[in-house]
Amino acid sequence: MDQLLNQEERDFAQHMRAFYRTEIPEEIRYRVAVGEELSKDDIVTTQRILNKYGYAVPNWPVEWGGQDWTPVQRHIWLEEMQLACVPQPLAFNASMVGPVIATFGSQEIKERFLPATANLDIWWSQGFSEPNAGSDLASLKTSAVRKGDVYVVNGQKTWTTLGQYGDWIFMLVRTDPSVKKQAGISFLLIDMKTPGVTVRPIELIDGSVEVNEVFFENVEVPVENLVGEENKGWTYAKFLLGNERTGIARIGMSKVNLARAKAYAAMTRTSRGTLLDDPLFSARLTKLEAQLTALEFTQLRILSTQVAGNDKPDPRSSVLKLHGSQLQQDITELLVDVLGPQGLDFIDNAATGDGFSDLPPASVDAIRDYFNYRKVTIYGGSSEVQRGIISKAILGL
Amino acid sequence: MDLELTDEQRELKSTVARLLRTEYDPAAREEILRSEKGWSEEKWASFAEMGLLGLPFSEDYDGADMGFAEVAVVMEEFGRALVLEPYLSTVVLGAGFVDAAGTPEQKQSILPAVIAGEKLLAFAGYEPTGRYDLNAPATTASESADGYTLTGEKSAVLGAPDAHTFVVSAAVDGTVGLFLVEADAQGVAVDARIQADGLRTGSVTLSAAPAQRLGHGDASEVIGRVIDTANAALAAEAVGAMEASLHMTAEYLKTREQFGAPIGVNQSLQHRAADAYATLEGAKSMALYAKLAITGEENADEGAGDAKSRHRDVLAAKLIIDEASRDISQESIQMHGGIGMTMEYPIGHYAKRLTVIPRTFDDVDTVTQDLASLGGLIEPHAVELS
């Protein structure tokens, strides 16, 4: 990509490359590079370092810690971060609730929350999906009934990622059940320590407990925790989801993972030499490399037509999500296939008994990631939702 | 970062598009396709007049002194209109070879005539038993009193029936050389044929045919470079044809009614059209990638270009373009239904061109293997192994 950048952009890329590699602790980046699970501390530590230098929330308004960057600079910031295996700023804070508060919140609510959100002093959780409101999010039922100077919230949210660490949760709640479903939704902030809030972990097929159900039983929320206007929550949610789609292709991360699978394949012996000499494996790998390059150039093409300051989501970003998520899955599958029979055990660490040989690299994370990554074509607007957006917004069907 | 066309290129694009829209609609094309020649001298003359035939060549030979980027603009528009004239065979291949390998005298005697629209060329490289291989021709060249004589058989010679001069590859001194052979010379016979997409092609036999060496020395590097350029040109053409196909298909989904509603209300068709669109975006990206591989080398200082990385990048582009061409052409017919099977309706004509392109100069399986053997696009790297 470097040869496409102008001198200023190239200098910026150099700067970010060096920054990430010198300022973010080596052991955290190592854990990302080899696919180990990150602790809460890893994520908090990283975000606080980034925030200290103004690199945690560059997409926010400058007065709240953002950067006056071009779309290309923002792309470089993220791409270099992924290539350096630096954990990204917590999306719930940096790309979701932060921009909503900064754009639609009152001065008071901005001052109260934005600095702590940027610095990850508050860990935010997302309270959008419900058991019966997935892709059809607007049909959500969790209610908030105004009683004096509080809302009384009742209902259930689900798929709350990392909710076990959450300090606060930003919610879509129904404040007017009598109107069209989109018109009766509000955006409410709730302290998760409030009586009546219960978090229950959901175990996933990869063995992780990264998502949770959150129950609300007569939870009293001060009315000043409402963001923007009552019943305008759907507008804010659409704004938030538009932000979610940018950068969700995770091309830098896929490059790292593909380079990793390729390195393991190069040291995996077969009757022909190494796995890289196997014609079918190598064809599969080569196609993935070409597809990833195509996706990277699609992203660059979209970027090069974006004007600084125009944050309207480009419908072509649905192509990035659709193909980017597919590629992420294909790469995790490739890694499982590199390992062969030793990749099938469900294990927590690579320790082996005395006198036994070491397990190959990735034997802990490959199969878990394969199952974990089934989520990427479901969250952030499923592949089917993206196809719907393309067919309506681009093809006019 | 700027990946968009320059103002000049945008102007070129709209000029060509305007001409083709008014004078190269499906009915006009159909007439040309069914004519005896299979292409139009009148259209060729207007392309010459617009300067399209001399875009990448030096002003010394009456060219426009531009580069491949402008050729790619033209190819994309030609793809959109399924232009039948021998631009690829004469300008990109034939004149491309003369420009890359010829002596100043040879360039002077050939390029101005090509640019004026008076001379047609064709590249005779492939052979009946060699499939896509260009490195080991069975055709041989022997030195004669006033040049060379060539003996052998060439196949898949695009533009053969009307070419005035052939650029022929042949074995010479243990390497591959390029030679100029006049079509009307003694010992030259052409077996004319028509490709599935309507383009004129043929086989050429050479029986001690008199020839002039094009440039000198081993031509392998030049052949690799010109074929890479031709593949990048085909990538642009394929993008034009795919975009037109998808546009036509989306329009059809909106207008064709069954069960009392446009068929485009069906989610199964919406999602397939969306997939085709996503595929098209990937193809556009890789046509750009191939273009940058060629123009990057054009713009590099003499000798600074890296032939290996150019070739690798063009292979990667061809891989994506080939699969996209197949997917979009097949889906376009299927989503049209029966009408897509007819010669009368244009979508099948796009499908034919998009079926031929992925099999021109190389096929997707070979491209994939070649790309892999060059090490692919991504360096293997894992932190704990380094």
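Q: Against which helices do the buried residues of α10(B) pack?

A: In this predicted model, the buried residues of α10(B) pack against α7 (220–255) and α9 (307–336) of chain B.

Q: Which residues of α10 in chain B are buried?

A: Helix α10 spans residues 347–356 of chain B, and its buried residues are B:I347, B:Y350, B:A351, B:R353 and B:L354. They lie on the same side of α10(B), because the arc they cover around the axis is only 165°.

Q: How should I read a nonpolar core, and which residues touch the most other members of the largest one?

A: As a general idea, nonpolar side chains tend to be buried together in soluble globular proteins. Here the largest nonpolar core has 163 residues, and those touching the most other members are B:V167, B:F179, B:A232, B:A235, B:M286 and B:A317. Helix α7(B) supplies the largest share of this core, 18 residues. There is also a second, separate core of 62 residues, with A:V86, A:L90, A:A118 and A:L226 among them.

Q: What does B:A235 touch?

A: Leaving out residues up to four places away in sequence, B:A235 touches B:M286, B:A287, B:A290, B:A317, B:K318 and B:I321.

Q: How many residues of chain B are in contact with chain A?

A: An interface can be read from both sides: 38 residues of chain B are in contact with 48 residues of chain A. On the chain B side, α7, α8 (267–299), α9 and α11 (364–373) each supply at least two residues. Helix α8(B) gives the most, with 13 residues. By type, the residues on this side of chain B are 22 nonpolar, 9 polar and 7 charged.

Q: How do I read the overall form of chain B?

A: Begin with the elements: chain B has 11 helices and 9 strands. Next, take the radius of gyration: for 386 residues a compact globule would have a value near 21 Å, and chain B agrees with 21 Å. Its C-alpha atoms fill a box of roughly 80 × 65 × 45 Å along the principal axes.

Q: What share of the residues of chain B is buried, and what share of its contacts joins residues at least 24 apart?

A: Of the 386 residues of chain B, 52% count as buried. For contacts in chain B between residues at least 6 apart in sequence, 75% join residues at least 24 apart.

Note on methods: Residues numbered from 1 in each chain as written. Chains lettered and ligands numbered in written order. Predicted model: local features only at pLDDT ≥ 70, side-chain atom pairs only at ≥ 80, totals over all residues. Buried ≥ 20, exposed ≤ 12 C-beta atoms within 10 Å, placed from the backbone. Helix = DSSP H or I, 4+ residues; strand = E, 2+ residues; numbered from the N terminus. Arc of directions from axis to C-beta. Contact = placed C-beta atoms within 7 Å. Rg over C-alpha atoms; globule rule 2.2 N^0.38 Å. Nonpolar A, V, L, I, M, F, W, Y, C, P; charged D, E, K, R; others polar. Core = buried A, V, L, I, M, F, W, Y, C linked by C-beta atoms within 7 Å.
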